[in-house]
Amino acid sequence: MSSKKLAVVTGANRGIGYEIARQLAAEAVEVVATSRNRDEGEAAARKLGVRHFPLDVTRPESIESLAEHVRDGVDILVNNAGISMKGFDAHVARATLATNFWGAKNVTDRLLPLIRKGGRIVMVSSGMGELSSLSPALRGRFLDPLLTEGGLAELVESFVRDVESGTHGEKGWPSSAYRVSKVALNALARILARRLASDPRGILVNAVCPGWVRTNMGGPGASRSPEEGARTPVWLALLPSDGPTGGFFRDRRTIDW
Ligand code: NAP
């Protein structure tokens with residue numbers, strides 16, 4: 001068995017995920033670069049000299065195959081895969097949540113039993129996920145220290161229902177599915193960190209905003225290179241055992257929820 005740490009990176013065929021995989025491999029981590037497009041993912045992994053495994057985070061059977069592939073254990077999970085869709089309606093809300101929130105949650109839930117002592121979970125979130133975009137009442141619900149994963153799931157579902165019925169504005173939600181997906185991802189990181197605080201494996205869970213990065217999503221006018229955008233996610237993936245958990249970071253510094 002290899003003594004190297006093993007990292008799973010989602011959406012590693014391009015953009016920030018590709019860079020995270022590259023930088024982790026440069027730190028002597030064994031990387032499983034995953035992608036939903038097999039050809040693109042295999043080409044990217046070949047270029048990086050790392051393993052590839054196909055993964056569509058919205059498909060349970062795909063997550064199951066990945067779990068089987070890494071059944072011997074995982075040290076680092078980077079939930080990087082994400083989408084930002086044009087427009088705003090119930091379809092966009094559902095699809096965005098399916099990838100950015102449920103995708104990350106379902107991959108994490110399935111791999112969690114496989115995560116070894118000293119494991120690290122990184123949620124690639126966004127400054128767009130700051131709670132300031134929500135009404136004070138909703139903010140209070142997301143920040144409730146007693147919020148459970150079940151309660152969070154109910155909040156996320158109620159957003160989609162409110163978009164469907166055209167009442168999301170009066171209920172205090174922003175007209176952006178991307179923002180809500182990242183608010184929910186941040187809340188998930190906090191809840192998981194709390195839950196894992198009593199787990200003997202010492203797993204640290206953090207969320208990170210990579211900044212505005214020149215990728216397909218960020219566009220060519222963004223201020224940062226993918227290399228810069230990947231730095232803080234990689235730092236969180238390699239935190240020492242006395243590192244933070246349940247935090248939200250940009251440029252290695254805590255930022256507001
Ligand atoms: P990107 O170039 O558009 O890459 C997104 C990655 O996610 C691609 O590999 C994509 O795969 C993958 N993906 C999407 N849906 C998936 C699914 N269902 N299953 C598996 N993989 C899926 O964007 P990026 O800028 O690198 O974004 C990476 C992360 O950073 C995202 O979570 C994003 O929200 C976050 N972020 C980006 C910025 C920015 O300025 N770029 C700012 C803040 C946060 P395909 O190639 O198959 O589409």
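**View 1. A28 is a partly exposed residue, with a relative accessible area of 46%.** Partly exposed here covers values between buried, under 20% relative accessible area, and exposed, over 50%, using a 1.4 Å probe and protein chains only. You will find A28 in the loop between α1 (15-26) and β2. Although A28 is not a glycine, its phi is positive, at about 65°. The model is predicted: local features need pLDDT of at least 70, side-chain atom pairs count only at pLDDT 80 or more, and totals for chains, interfaces and linings use all residues. Residues are numbered from 1 along each chain as its sequence is written, and side-chain values use heavy atoms, with hydrogens and water left out. Helices (H or I, at least four residues) and strands (E, at least two) are DSSP runs, numbered from the N terminus.

**View 2. D251 and R252 sit in the loop between β7 and β8.** Strand β7 spans 248-250. R252 counts as partly exposed, at 48% relative accessibility, and D251 also counts as partly exposed, at 37%. Leaving out residues up to four places away in sequence, D251 touches R224 and T232, where contact means heavy atoms within 4.5 Å.

**View 3. An open sheet of 8 strands has mixed pairing.** Follow the strands in the order β3-β2-β1-β4-β5-β6-β7-β8; two strands pair if DSSP finds at least two bridges between them. At the edges are β3 (51-54) and β8 (253-254), each with a single partner strand, so one side of each has no neighbour in the sheet.

**View 4. Strand β1 (residues 6-9) runs parallel to β4.** These two strands are joined by 3 bridges, and the partner of V9 in β4 is V78. β1 also pairs with β2 in the parallel sense, over 4 bridges, with V9 opposite A33. In a regular strand, side chains alternate between the two faces of the sheet. Both faces of β1 are covered: L6 and V8 are buried on one side, A7 and V9 on the other.

**View 5. Helices lie across the strands of the sheet.** Helix α2 (residues 38-48) lies across β2 (30-35) and β3, at about 165° to β3. Helix α4 (residues 90-111) lies across β1, β4 and β5, at about 175° to β4. Axes are lines fitted to C-alpha atoms, for helices over the stretch in contact, and angles run from 0 to 180 degrees between N-to-C directions.

**View 6. I83 is in the loop between β4 and α4.** Apart from neighbours within four places in sequence, I83 is in contact with R36, A95, T96, T99, N100, Y178 and M217.

**View 7. The whole structure has 1 cavity of 30 Å³ or more.** A cavity is a set of points, on a 1 Å grid over the protein atoms alone, where a 1.4 Å probe fits but cannot get out; lining residues have an atom within 4 Å of a point. Grid points are joined across faces, edges and corners, and a volume is the space filled by probe spheres set on the points. The volume is about 40 Å³, and the lining consists of K5, D75, I76, G118, R120, A237, L238 and L239. Elements giving two or more residues to this lining are β4 (74-79) and β5 (115-124).

Methods: On a 1 Å grid over the protein atoms alone, a cavity is a set of points where a 1.4 Å probe fits but cannot get out, and a pocket is an open set with protein on both sides within 12 Å along at least five of seven lines; lining residues have an atom within 4 Å of a point.
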